[in-house]
Amino acid sequence: EVQTKKYEFKAEVKKLLDILVHSLYSSREIFLRELISNASDALDKVRFEITKGSEVADKELPLEIKIDFDEKKNTITISDTGIGMTRDELITNIGTIAKSGSEEFLKQLSENKEAANNIIGRFGVGFYSVFMVAKEVIIKSKSFRKDEPAVWWKSDGSGDYEIAELNEPLKKGTIIEIHLRDDAKEFADKYRLEGIIKRHSNFISFPIYLKNEKINTIAALWREPKTSIKPEQYNEFYKFLTHDTEDPLEVIHTSVDAPIQFNALLFIPKRSYEFWRWSKDDYGLDLYVRRVLIQHQNKDLLPEYLSFVKGVVDSEDLPLNISRETLQENIIFTKIANSVTMNVLSHLLKVAKDNPERYNDFWREHGRVFKLGYMDFTNADKYQQLLRFNSSASTDEKELISLDDYVSRMKKDQKEIYFALGSGREAIDLNPHLEIFKSKGLEVLYLYDPVDEFVVTSIRKYKDFEFKSVESVDLKSLEKFDDLTESKENFEPLSKDDEKHFDSLLDKMKKILGDRIKEVIESKRLKDSPSCLINADNSISSTMRKILKMSNT
Ligand code: ADP
Ligand code: MG
């Protein structure tokens with residue numbers, strides 16, 4: 001008899017199990033996608049060990065995934081010849097959720113039950129999704145490390161699991177045996193399983209056999225010539241890669257031959273899923289070297305402000321046994337990264353030029369992340385051309401203009417790009433500082449997002465034109481522009497008597513306001529409003545002050 005030992009799941013695992021089992025009925029079939037993806041990860045890992053030259057047990061076994069079922073016993077079995085797990089690895093990998101944002105993610109999921117189905121389909125929920133269909137799961141696993149014994153694991157998903165040493169010989173890899181719940185018997189069926197595999201796992205790069213018949217098309221799509229690929233194939237691959245239910249907004253497929261050789265297949269999603277990330281690290285491109293996955297979600301191929309881009313980069317020139325730690329210092333890698341970044345920016349510029357509507361769609365979804373690229377000095381030119389704002393010349397809050405649009409409409413002798421900050425178009429329209437710009441017909445950029453102010457103050461100028469807040473602009477610099485609305489009556493000089501009264505009025509205001517202000521002066525900038533607050537030169541804007549104040553308290 002083998003000695004078994006009981007363990008309890010961690011609290012967050014219990015919570016996830018509860019949500020999965022009770023609220024996600026309509027996406028149950030993704031359990032198979034999750035198990036196949038784990039098998040594929042395990043195969044990637046063992047292939048990586050083999051190419052590194054590590055000692056690997058049962059090296060001669062083909063790298064593959066096998067799926068079997070028994071409609072009488074209501075069981076499904078998924079086996080792989082991957083890296084396997086030791087007893088300790090089973091406990092740490094399967095007994096806990098490693099993802100750093102999982103706590104928060106779970107909280108959001110449980111607060112938003114309707115969205116849950118959709119979201120769970122989009123995100124990898126992992127191994128536990130098996131309990132949507134299983135009343136009992138048995139794992140048998142043998143690590144690729146030669147001296148490690150095979151282990152056995154069993155759970156009904158209700159709170160604890162058992163582990164024992166396996167007393168039968170097992171080759172490297174993992175076998176997962178699912179005993180289906182009574183309401184999930186439909187899954188022990190050839191056509192059902194085949195359909196699910198084709199729908200969710202068609203692009204897995206190892207063969208998947210269902211009762212010894214190969215089901216998936218193994219194609220490294222990114223290595224195929226562009227002309228031979230149909231749009232549907234790109235869309236299908238994108239959905240496989242991201243679990244998105246919609247087609248991508250943009251496909252960027254590039255094949256570079258010199259000076260370094262690589263293929264990249266990148267996508268821009270239609271929607272931003274910022275809010276629904278598992279964790280803040282949940283982004284990056286998959287890096288392959290000659291079809292071997294070297295790193296999932298590599299974060300250095302693209303700068304963070306392009307983190308909405310999904311996809312695959314496959315290099316011909318990097319050494320297969322390169323360690324993840326030394327990648328960043330590798331000159332070939334750096335060149336690839338620069339080239340990939342350039343490609344994405346050039347593609348966006350092309351969209352902006354050829355299809356402004358589509359570009360605006362892109363901007364509305366991903367602009368908030370993209371804007372954070374103001375520190376990318378290398379690509380400053382392209383970055384600045386890709387920025388979009390609303391402006392006083394726009395007809396409504398939705399309209400977007402580029403800095404080039406602004407410059408093309410500038411007045412003769414205008415040397416500055418004016419901007420105003422505010423929570424929305426209405427608020428800015430009411431800002432008395434804008435009156436003089438309106439009356440002189442000077443266009444003003446309307447910045448609604450607090451980040452916008454960091455953008456314009458960091459890049460400082462576009463071409464030769466400095467950004468200038470309407471609140472801190474030097475009025476003298478506006479004198480050269482004709483006032484389009486000015487009429488003599490408005491400026492009838494004050495009588496001696498009135499002037500005296502006016503001076504004492506200013507004095508009085510100054511006394512009342514005391515320390516809170518620096519000065520009260522007569523204004524030439526106002527047209528309709530009686531008074532406004534202005535910044536002493538070079539001081540920070542009122543929005544920036546609000547932000548600083550908020551972060552201080
Ligand atoms: P994720 O795949 O996102 O890490 P999962 O819940 O799907 O999360 O899996 C948890 C962990 O369990 C994996 O990271 C891996 O270490 C381990 N694991 C799961 N399935 C296998 C398998 N078939 N072979 C080896 N390890 C596995
Ligand atoms: Mg997984």
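In which loop does Asn212 lie? Asn212 is placed in the loop between strand 8 (208–210) and strand 9 (213–214); helices (H or I, at least four residues) and strands (E, at least two) are DSSP runs, numbered from the N terminus. The model is a predicted one, in which local features need pLDDT of at least 70 and side-chain atom pairs count only at pLDDT 80 or more, while totals for chains, interfaces and linings use all residues. Residues are numbered from 1 along each chain as its sequence is written, and chains are lettered from A and ligands numbered from 1 in the order in which they are written.

Asn212 has a phi near 70°, a positive value in a residue other than glycine. A residue is called buried if 20 or more other C-beta atoms lie within 10 Å of its own, exposed if 12 or fewer, and partly exposed in between, with C-beta atoms placed from the backbone. Asn212 is exposed because 8 other C-beta atoms lie within 10 Å.

A positive phi, of about 50°, is also found at Asp58, which is not a glycine. Asp58 belongs to the loop between helix 2 and strand 2, and with 15 C-beta neighbours inside 10 Å it counts as partly exposed. Val56 lies in the loop between helix 2 and strand 2 (65–70). Val56 has 18 C-beta neighbours inside 10 Å and therefore counts as partly exposed. Beyond its neighbours within four places in sequence, Val56 is in contact with Val46, Glu49, Ile50 and Phe144, contact meaning that the C-beta atoms, placed from the backbone, lie within 7 Å. Val56 and Ser143, 87 residues apart in sequence, are 9.1 Å apart in space from C-alpha to C-alpha.

The largest share of the shell around ligand 1, five residues, comes from helix 2, and helix 2 (30–52) and helix 3 (87–95) each supply at least two residues. There are 16 residues around ligand 1, of which Asn38, Ala42, Asn93, Gly126 and Phe127 come nearest; a residue is counted as near if its C-beta atom, placed from the backbone, lies within 6 Å. Asn38 is found in helix 2 and counts as buried, with 22 C-beta neighbours inside 10 Å. An unreviewed UniProt entry places the feature "binding site" at ten positions listed in the record, including Asn38 and Asn93; such annotations may be inferred rather than shown by experiment.

Among the buried residues of helix 9 are Phe333, Ile336 and Val340. The buried residues pack against several elements, including strand 10 (250–256), strand 11 (262–268) and helix 10 (356–370). In the loop between strand 10 and strand 11 lies Pro259, and the peptide bond from Ala258 to Pro259 is cis, with omega near -5°.

An open sheet of five strands has the order 15-17-16-19-18, with mixed pairing. Strand 15 (390–391) and strand 18 (461–462) each have a single partner strand, so one side of each is left without a neighbour in the sheet. Strands pair if DSSP finds at least two bridges between them. Strand 15 and strand 17 (residues 444–447) pair in the antiparallel sense over two bridges, and Asn390 stands opposite Tyr446 in strand 17.

Conventions. Contact = placed C-beta atoms within 7 Å.
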